Amino acid sequence: MKLRLKVVIGLSIISMFLFGGMVAAATDFTQFGFKDVAAEKVIKAGEAGKISHSGIKIQIPEGAFDHDVLFQVLEGNNKQFQAVAPKGEKVIMNFAFRVIDLETNQILGAFNNPVTFSYKDKEVNKGSIYYNYRVDGTIANNNGGSVIEGRTLTHPVGGAPVGWFITSPK
């Protein structure tokens with residue numbers, strides 16, 4: 001594994017511990033602007049999987065889930081997130097996960113192993129920023145764990161306690 005990816009995964013795990021209360025929270029982000037199911041797939045317990053949609057790729061490692069899950073990628077309208085984006089930045093995409101344990105029918109807030117999210121688009125560049133979008137509408141820069149190579153932004157995701165959006169300079 002590349003050193004950079006190891007660092008990113010390490011930072012993701014550290015952030016899970018730092019924000020542990022948030023990671024445990026399971027939220028249905030359709031209530032917070034991510035109203036559309038853009039892609040979904042059933043992932044069998046313990047198995048790896050992949051989900052792709054419009055430049056988004058999600059790699060799910062083996063052992064991420066103890067039970068079969070319905071893994072959904074949610075999206076909303078970029079205009080909603082543009083309203084909270086910092087001045088001079090343009091929202092180029094937004095997403096959230098809704099992962100439903102098919103045995104308990106509960107939404108999962110944390111994963112056993114981080115999934116890898118990547119987004120490839122002509123507007124992704126070294127100035128792109130990856131933000132957490134909290135249920136109270138506030139945002140936090142989460143670029144520390146992001147890797148941008150060419151036109152692709154990659155980030156490990158250890159759970160679904162927040163939604164996300166990506167910006168690029170205007």
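The legends below describe close-up views of one predicted model. Residues are numbered from 1 along each chain as its sequence is written. In this predicted model, local features need pLDDT of at least 70 and side-chain atom pairs count only at pLDDT 80 or more, while totals for chains, interfaces and linings use all residues; side-chain values use heavy atoms, with hydrogens and water left out.

**View 1. The chain as a whole has 3 helices and 11 strands.** Helices (H or I, at least four residues) and strands (E, at least two) are DSSP runs, numbered from the N terminus. Along the sequence the pattern reads α-α-β-β-β-β-α-β-β-β-β-β-β-β. The chain has 170 residues, and 43% of them count as buried. Buried means under 20% relative accessible area, exposed over 50%, and partly exposed in between (1.4 Å probe, protein chains only). Among contacts with a separation of 6 or more, 72% come from residues 24 or more positions apart. Contact means heavy atoms within 4.5 Å.

**View 2. An open sheet of 6 strands runs in the order 1-4-5-11-7-8.** Its pairing is antiparallel. Strand 1 (36–43) and strand 8 (139–141) are the edge strands, and each pairs on one side only. Neighbouring strands of this sheet are turned by 25° against each other on average, direction ignored. Axes are lines fitted to C-alpha atoms, for helices over the stretch in contact, and angles run from 0 to 180 degrees between N-to-C directions. Two strands pair if DSSP finds at least two bridges between them. Strands of a sheet pair through backbone hydrogen bonds, either parallel or antiparallel. Strand 5 and strand 11 (residues 163–169) pair over 6 bridges, in the antiparallel sense. Here Asn-94 has Phe-165 of strand 11 as its bridge partner.

**View 3. Strand 7 is largely enclosed by the rest of the structure, because 5 of its 5 residues are buried.** Ile-129, Tyr-131 and Tyr-133 point one way from the strand. Tyr-130 and Asn-132 point the other way. Strand 7 pairs with strand 11 in the antiparallel sense over 5 bridges, and with strand 8 in the antiparallel sense over 3 bridges. Tyr-131 has a bridge partner in each: Phe-165 in strand 11 and Asn-141 in strand 8. The hairpin of strand 7 and strand 8 has 5 residues between the strands. In this hairpin, Gly-137 takes a positive phi near 90°.

**View 4. Asn-132 sits in strand 7 (residues 129–133).** Asn-132 is buried, with a relative accessible area of 13%. Its side chain makes a polar contact of 3.2 Å with the side chain of Trp-164. A polar contact is a pair of N or O atoms within 3.5 Å; within protein, one must be able to donate a hydrogen and the other to accept it, and residues adjacent in sequence count only if both atoms are side-chain atoms. Leaving out residues up to four places away in sequence, Asn-132 touches Thr-138, Ile-139, Ala-140, Asn-142, Val-162, Gly-163 and Trp-164.

**View 5. Ile-139 belongs to strand 8.** Ile-139 is partly exposed, at a relative accessible area of 24%. Beyond residues up to four places away in sequence, the contacts of Ile-139 include Val-84, Pro-86, Tyr-131 and Phe-165. Val-162 is 23 residues from Ile-139 in sequence and 9.5 Å from it in space, C-alpha to C-alpha.

**View 6. Ala-85 lies in the loop between helix 3 (78–82) and strand 5 (89–101).** Ala-85 is buried, with a relative accessible area of 13%. Neighbours within four places in sequence aside, Ala-85 is in contact with Val-91, Phe-165 and Thr-167. Ala-85 and Thr-167 are 82 residues apart in sequence, but 7.8 Å apart in space, C-alpha to C-alpha.

**View 7. A second open sheet has 5 strands in the order 2-3-6-10-9.** The pairing is antiparallel. Strand 2 (49–53) and strand 9 (147–149) stand at the edges with a single partner strand each, so one side of each has no neighbour in the sheet. Neighbouring strands of this sheet are turned by 20° against each other on average, direction ignored. Strand 9 and strand 10 (residues 152–159) pair in the antiparallel sense over 3 bridges. Thr-152 of strand 10 is the bridge partner of Glu-149.
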